[in-house]
Amino acid sequence: NLIENLLQMKKNQFTRNARSDQIDGFTKTGRIILSLLIVIVLASCATLTTSPFNPRSINEVKFRDRLQSKYDDDVRVTTAVPTAEEAQAIFGKNLAGKDIQPVWVKVENHSDKTYYLVTIAVDPNYFSPIEVSTNVHAGHGKTVRNEIEYYFRSMTFRNPILPNTAVSGFIFTNLDEGEKVIQIDLIGDQEVKFFTFFAQVPGMRIDYLRVNFDRIYREEDIVELKIEELKKALENLPCCTTDKEGKKFGDPLNLVIVGDFYNVASAFARRGWVPAEETYSSAVWKTIKSYFFGSRYRYSPVSSLYFSGRHQDLARQKPRHDIHERNHLRLWYLPMRYDGKPVFIGQISRDIGVRFTSQAWPPITHKIDPDIDEARYSVIEDLLFSYTVSYVGFVKGVGPATPSNPRKNLTGDPYFTDGLRTVIFLDPGPTSLIEIRSLNWENPGRFNFGD
């Protein structure tokens with residue numbers, strides 16, 4: 001009836017303004033436009049009846065077999081990350097197709113305090129439940145859309161966590177591949193609790209997973225150092241990375257991190273740093289496509305550089321607008337500890353472009369910002385806001401190189417530096433900014449750009 005009324009109204013309108021060349025008040029263009037409108041309306045009506053919404057109970061889905069828990073005297077936190085298929089079963093929709101990844105969290109409060117979970121610590125750009133339902137409810141009528149919205153809201157984690165109660169639910173995060181670092185921050189009265197979880201996500205080969213950190217060195221070969229011994233040992237390390245044969249110098253070793261692996265990985269994850277994919281055919285092809293189409297590839301492989309005869313033990317990168325731009329670092333585990341904590345030597349630089357090269361594999365490499373000290377300062381500032389930094393200092397490293405007389409890395413990119421390497425101590429936290437201390441070792445100096 002609606003369509004018939006529209007046709008009659010349109011016909012009457014054209015009849016009142018009829019001209020001799022019009023047939024029954026319709027022009028040829030008008031007939032075409034109206035026909036298209038009718039097709040769209042009919043197609044929409046048909047679509048509204050075709051998509052069922054049949055979510056399954058979380059008790060029927062196996063993701064709960066991968067639960068991880070951590071606790072202290074007051075609270076117990078449990079998390080799990082469903083696979084894409086499991087999430088589709090739970091929510092009746094393909095969330096991964098929308099780059100949405102639900103994370104299940106349960107907090108048991110065994111104290112007389114009230115806690116609040118900081119959702120933005122799990123993902124600074126998390127999705128609200130209504131936002132998710134709006135992304136996936138296409139193809140349903142109003143009644144079912146309301147049902148979907150209510151379901152997503154009911155499945156969401158809700159603060160507060162009152163004394164002697166438990167709260168559970170999902171937080172809708174951006175899709176991560178390979179690994180998911182889940183940072184749970186709980187705030188109470190004059191108190192903050194940190195819990196960090198690592199979940200492996202099938203489907204991507206992460207570089208550090210091929211490294212057995214416990215077998216790099218024999219336990220008897222690892223030395224425990226006092227603070228001044230550590231400074232001297234770090235200054236005596238080689239200046240630079242090398243090629244595989246150890247014959248040519250690459251980028252300078254300008255970064256030292258003191259902290260266990262999980263503290264290191266979680267600190268960088270809190271600031272948006274992601275792992276690198278292994279260099280294999282699929283990753284190389286994705287890199288090449290990203291290069292030609294200017295798209296973003298968050299997990300682009302980091303080409304291998306070498307220290308002590310082995311390529312990096314792990315790499316981290318902070319992707320930006322597209323594949324041409326990122327900050328990235330490489331770290332190697334050292335046979336030394338301070339206060340029981342592992343020590344990593346590393347290299348950090350800022351990528352500002354991509355080009356072909358015959359000096360590395362894959363044959364596409366990044367061009368680095370020649371002011372490598374800028375990237376060094378950038379990582380310090382970034383990690384300050386992970387609230388896990390306890391000490392920062394500088395030791396002697398590669399030695400100075402000026403803008404007018406730069407050095408070059410393996411792929412021919414020039415760089416200049418004051419020659420120092422940054423030393424950053426990481427703890428589980430939280431450490432406020434006013435609690436961070438300087439090591440008072442070397443004072444970084446800057447050159448005049450006329451040098």
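Here are some questions and answers about this predicted model. Local features need pLDDT of at least 70 and side-chain atom pairs count only at pLDDT 80 or more, while totals for chains, interfaces and linings use all residues. Residues are numbered from 1 along each chain as its sequence is written, and side-chain values use heavy atoms, with hydrogens and water left out.

Me: How many helices and strands are there in the protein?
Reply: Happy to start there! Both are DSSP runs numbered from the N terminus, with at least four residues for helices (H or I) and at least two for strands (E). The protein has 10 helices and 23 strands.

Me: In what order do the three strands of the open sheet run?
Reply: Strands pair here if DSSP finds at least two bridges between them. Strand E4 (116-117) and strand E7 (191-201) are the edges, each pairing on one side only. Two bridges join E4 to strand E6 (residues 178-188). The pairing is antiparallel, and the order is E4-E6-E7.

Me: Which residue in E6 is the bridge partner of Tyr116?
Reply: Good one to look up in the structure. The partner lies in E6, which runs antiparallel to E4. For Tyr116, the bridge partner is Ile187.

Me: Is Ile187 buried or exposed, or in between?
Reply: Buried means under 20% relative accessible area and exposed over 50%, with partly exposed in between (1.4 Å probe, protein chains only). Ile187 sits in strand E6. Because its relative accessibility is 38%, Ile187 counts as partly exposed.

Me: What share of the 451 residues counts as buried?
Reply: The under-20% cut-off applies here too. Of the 451 residues of the protein, the buried share is 48%.
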